[in-house]
Amino acid sequence: MRITIPMLLDRLSGVHFQYFPSAESQINHLTEVRFLQNNIVSEPDILYITNLSFLISSYNGLIPEKIACINDANLECNSDERFQYTDLFIFENLTEVTELFNMLQDIFCYYSTIFNHLLEIVKENKGLDFLLENIATLLGNPCSIVDRNLKVLAGINYMPNTKNQEFYSYYLKQIQSNGYTFGDSKYIEQYLSKNNASKDKPVYFNRSEGAIFNCISYTISVGNEKIGWLNVYEIEKHFSDITSDLMIFFSEILSLELSKNECYLLNTVTKYEYLCTDLLNGQNLSEEEIMKLSNYLNFPLNNEYFLVVVKPSTHVNDVSKLTHLRARILASTKCNICLLYEYRIVILFESAVNNDSLSKIKKLLTDFNMLAGISNNFTNIKDINKGYAEAEKAIELGIKFKLSGAMFRCMDFPLYHLIDVCAKHEDIRKFCHHSLLQLTEFNPELSNTLYQYLKNGKSQSKTANDLHIQRSSLLYRLKKIEEVLGFSLDDYQSLLHLQLSFEILNYLNFDSCQHNSSSMA
């Protein structure tokens, strides 16, 4: 167990002493108190007890980093260079070193009693909520614990004799409605980005950042794995110098509880998210693992699924924004799996899902400046990686052809998907009708006329209207087109080849074939 110097100072109220902090203190925590003696090898986390007269006149070793002493010589040592790199406590109204030792030892015992009390709660399996209630009482303010996706693992309970019933009612309503921490988008983004960059230091949030109340957050880890964050809200009492230190002090106990309790560290959802990630990576799962996944998804293996893949609309991979959006999707839609994968959000839906869920996601895409692709349906869960590739390709083609909106379906690009697959193996331009290439080079206007004519199902009136020309002018152009091509526009095989050629040229963004791509979708 370790305490910090601010925690020690907090328990010395009413005692007459002076504290001179080190100019370059590297270690702020203390593990125990010992009497200072000659010929010792001092340790940086030990608080050494002595008389000031002995320290100045008789001590012959290196000056320790932490010293508490009785001023029995009425000496001034705050300007003494020997103590420049020492955290020095000087007590005035004490006469015996043992008295000072006992007083400081009592402080260590006070925190040790608290630590052991919380440890007993963990050992007796009283649960995370009960543990957090005790921590909140000790801190004097309500607390919550959220995981990395902002899901509340243990929420705020009513504090005794609270004057803020309105806040608790509001908070509990939010938790009951979606199970996630609350706040506007600005606050959530700040919360995630600052916590992810905190390097294991408490992070302070105030109302100007969108927080409902001032808040301090601290990362809870198990081993080297970040599990989530402990949040303390400044509601019942003002934060003090030791609030952050106490949060660090309590985080050790919380880590023990979370590592002991599998439902938090590696819960059912996480286990099956790992299996889905393996499938996305193209790994083969055993039939037993596939069956477990099927049972968890709660419908037979032969049901139809589809994937929605969400990615940022820019090249900036903002994990904090993706994490926030994932939490919002989970809270507002009924999906089977929603996980983060390669700076994407991958959402698995049963194909029978209503359009309401997709409409909600589409609205969130606009709010978060994201894009989404939807795969074709598939019945074998092992094909989830193929669905992922299809959804990714839908986004790529939607961007390529500058289509409006933020959500693109793979089924809207069957021909372009086919061309894209072929383009990976062949120079697809060589499959274009050679006569069309000649027409495009000879007269781009005639090429565009032919494209519109074929796109409109050979309707002369609609084509003339789209081109803003007389029907007689269109007939003249069609005759010229047949002369250049060398065949009639009534030949089915030739027309099919021409249509495929146009789509290949559109895919390649051929310079002389820049048609209105939005009208093709």
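**Overall architecture and selected features of the predicted model**

The protein contains 19 helices and 17 strands, as described here from a predicted model. The mean pLDDT is 82, with 84% of the residues of the protein reaching 70 or more. Of its 521 residues, 47% count as buried, and the accessible surface of the protein amounts to about 26400 Å², of which carbon and sulfur atoms contribute 47%. Among contacts between residues at least 6 apart in sequence, 60% join residues that lie at least 24 apart.

Helix H13, which spans residues 384-400 and comprises 17 residues, reaches 24 Å from its first C-alpha to its last, close to the 24 Å expected at 1.5 Å a residue. Several residues of H13 are buried, among them Ile-384, Gly-387, Tyr-388, Ala-391, Ala-394, Ile-395 and Gly-398, and the charged residues Glu-390 and Lys-393 are likewise listed as buried. Just after H13, Lys-402 adopts a positive phi of about 55°.

On the surface, a nonpolar patch is formed by Leu-415, Leu-418 and Leu-500, which together have about 230 Å² of accessible area. Of these residues, Leu-500 is found in helix H19, which covers residues 492-507. Leu-500 counts as partly exposed because its relative accessibility is 34%, a value between the limits of 20% for buried and 50% for exposed residues.

Over residues 510-521, pLDDT stays under 50, and for this segment the model has 22 contacts beyond four places in sequence. Where pLDDT is low, the predicted coordinates should not be read in detail.

Conventions: Residues are numbered from 1 along each chain as its sequence is written. This is a predicted model: local features need pLDDT of at least 70, side-chain atom pairs count only at pLDDT 80 or more; totals for chains, interfaces and linings use all residues. Side-chain values use heavy atoms; hydrogens and water are left out. Patches are made of residues with over 30% relative accessible area and no salt bridge: like charges are joined within 9 Å, nonpolar side chains (Val, Leu, Ile, Met, Phe, Trp, Tyr) within 5 Å. Accessible areas come from the Shrake-Rupley method with a 1.4 Å probe; for residues, only the protein chains shown count as cover. A salt bridge is a side-chain nitrogen of Lys or Arg within 4 Å of a carboxyl oxygen of Asp or Glu. Helices (H or I, at least four residues) and strands (E, at least two) are DSSP runs, numbered from the N terminus. Buried means under 20% relative accessible area, exposed over 50%, partly exposed in between (1.4 Å probe, protein chains only). The expected span of a helix is 1.5 Å times one less than its number of residues. pLDDT is the predictor's confidence in each residue, from 0 to 100. Contact means heavy atoms within 4.5 Å.
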